[in-house]
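Please open the structure in a viewer and keep the selection panel at hand.

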Amino acid sequence: MTKATIFRWSLFFYPIMNKSLISITDYSKEELLQLIDLAYYFESHPEPELLKNKIIASLFFEPSTRTRLSFETAIQRLGGRIIGFADASVSSTQKGESLRDTIMTISLYADLIVMRHPIEGAARFASEVSRVPIINAGDGANQHPTQCMLDLFSIKKTQGTLENLKIALVGDLKYGRTTHSLVQAMSNFNATFYLVSPEELRMPASSIQTIKDHNLKYYEMKNLEDAIPEVDILYMTRIQRERFADPLEYERVKNSYILHNHMLDGSKDNLKVLHPLPRVNEINIDVDKNPKAYYFQQALNGVYMREALLAHTLGLK
Ligand code: CP
């Protein structure tokens, strides 16, 4: 047996020590700010050799455009190599392999695993059996911490600060994992929250509790136009059709909020409209030409932030 083989097998008998990113609460306020600074750094300082000799596994058990492709762009820009799949139906999951065995195996091939999975808690479970760090690229309706990081970066870039901002979260606050992560993160920065949703899709009690624990102001409301003049950030989300058990319930709420350009008249000068994307119909395309629309720049910011997250998680920056 070669030394390399002995080393690989010995990994099974050592405790797992890695700093995965599963929830946005895995980062302190100081780390959030450091990562934003690092994203600014990568935006102006490409480092095409940083991930040389690193192999990153990109495992998407659920569809994605931005998260997967911005991670792959970030890896390639830093000189790393990618293995993985964009569709679990081409993996041995189809033959009945467990997530545990899939992750244990791939963590012997790669230096880091980026993973999206439809089941809440799947990323946490993966981090407990993996030999290498896991970055959660979305687990069910639970958390989407890398989206949250690029949202924070986008807010900082457009407002100059993260402190004392008024932020409206609009749409599907029940299933919209990006809003759950954003409430947790912005609670570090004395935010005031305007939670705009239909009754059926209100923000979960656990997120409301986070706001209360930080003694922050929040308003739950149904009327989008009441929130628009008040806020610095208007964070639109789509109604998450794939999470509804009852298709009729989706039909009832799917058109709850549709932002049109004229509705931004009278909004604050510094207002920016964010959306994690994809959008369905909740932002009319007439908003795209408004300088307050920021969602495509937000998607670009994801590349710089994911470069920062890769470098940080691998301990390279
Ligand atoms: N924002 C986001 O997660 O987009 P994708 O589903 O396209 O990755």
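Contact here means heavy atoms within 4.5 Å. The model is a predicted one.

**First stop: helix α8**

Select residues 205-213, which form helix α8, and colour Ser207, Ile208, Thr210 and Ile211, the buried residues of this helix. Viewed down the axis of α8, these buried residues fall within an arc of 150°, so they line one face of the helix. An α-helix has 3.6 residues a turn, so residues three or four places apart point the same way. Next, select Ala205, Ser206 and Asp213: these exposed residues are carried on the face of α8 that is turned away from the buried side.

**Second stop: two asparagines with positive phi**

Move to Asn215, which follows α8 and lies in the loop between α8 and β7. Its phi is near 55°, a positive value in a residue other than glycine. Is Asn215 buried or exposed? Asn215 has a relative accessibility of 72%, and because exposed means over 50%, Asn215 counts as exposed.

Then select Asn190, in the loop between α7 and β6. Phi of Asn190 is likewise positive, near 55°, in a residue other than glycine. Asn190 is partly exposed, with a relative accessible area of 42%.

Select residues 122-129, helix α5, and highlight its buried residues Ala122, Ala123, Ala126, Ser127 and Val129. To see their surroundings, show α4 (99-106), β3 (112-117) and β4 (134-139), against which the buried residues of α5 pack.

Select Arg116, Arg177, Arg238, Leu277 and Pro278. Of the 21 residues lining the largest pocket, these are the closest to its centre. The space in this pocket is about 420 Å³. Two elements, α3 (66-77) and α7 (177-186), each give two or more residues to the lining. Colouring the lining by class shows four nonpolar, 10 polar and seven charged residues.

Pro278 is placed in the loop between β9 (272-274) and α11 (295-313).

For the largest cavity, with about 50 Å³ of space, select the lining residues Arg66, Gln147, Leu150, His275, Pro276, Leu277, Tyr295, Gln298, Ala299 and Arg306. Both α6 (145-159) and α11 give two or more residues to this lining, and α11 provides the largest share, four residues. By class, the lining of the largest cavity comprises five nonpolar, three polar and two charged residues.

For the second largest cavity, with about 40 Å³ of space, select Gly171, Thr237, Ile239, Lys254, Ser256, Tyr257, Asn281 and Glu282, which line it. Here the lining divides into two nonpolar, four polar and two charged residues.

Conventions:
Residues are numbered from 1 along each chain as its sequence is written. This is a predicted model: local features need pLDDT of at least 70, side-chain atom pairs count only at pLDDT 80 or more; totals for chains, interfaces and linings use all residues. Side-chain values use heavy atoms; hydrogens and water are left out. On a 1 Å grid over the protein atoms alone, a cavity is a set of points where a 1.4 Å probe fits but cannot get out, and a pocket is an open set with protein on both sides within 12 Å along at least five of seven lines; lining residues have an atom within 4 Å of a point. Grid points are joined across faces, edges and corners, and a volume is the space filled by probe spheres set on the points. Ala, Val, Leu, Ile, Met, Phe, Trp, Tyr, Cys and Pro count as nonpolar, Asp, Glu, Lys and Arg as charged, and the others, Gly among them, as polar. Buried means under 20% relative accessible area, exposed over 50%, partly exposed in between (1.4 Å probe, protein chains only). The arc is that of the directions from the helix axis to the C-beta atoms.
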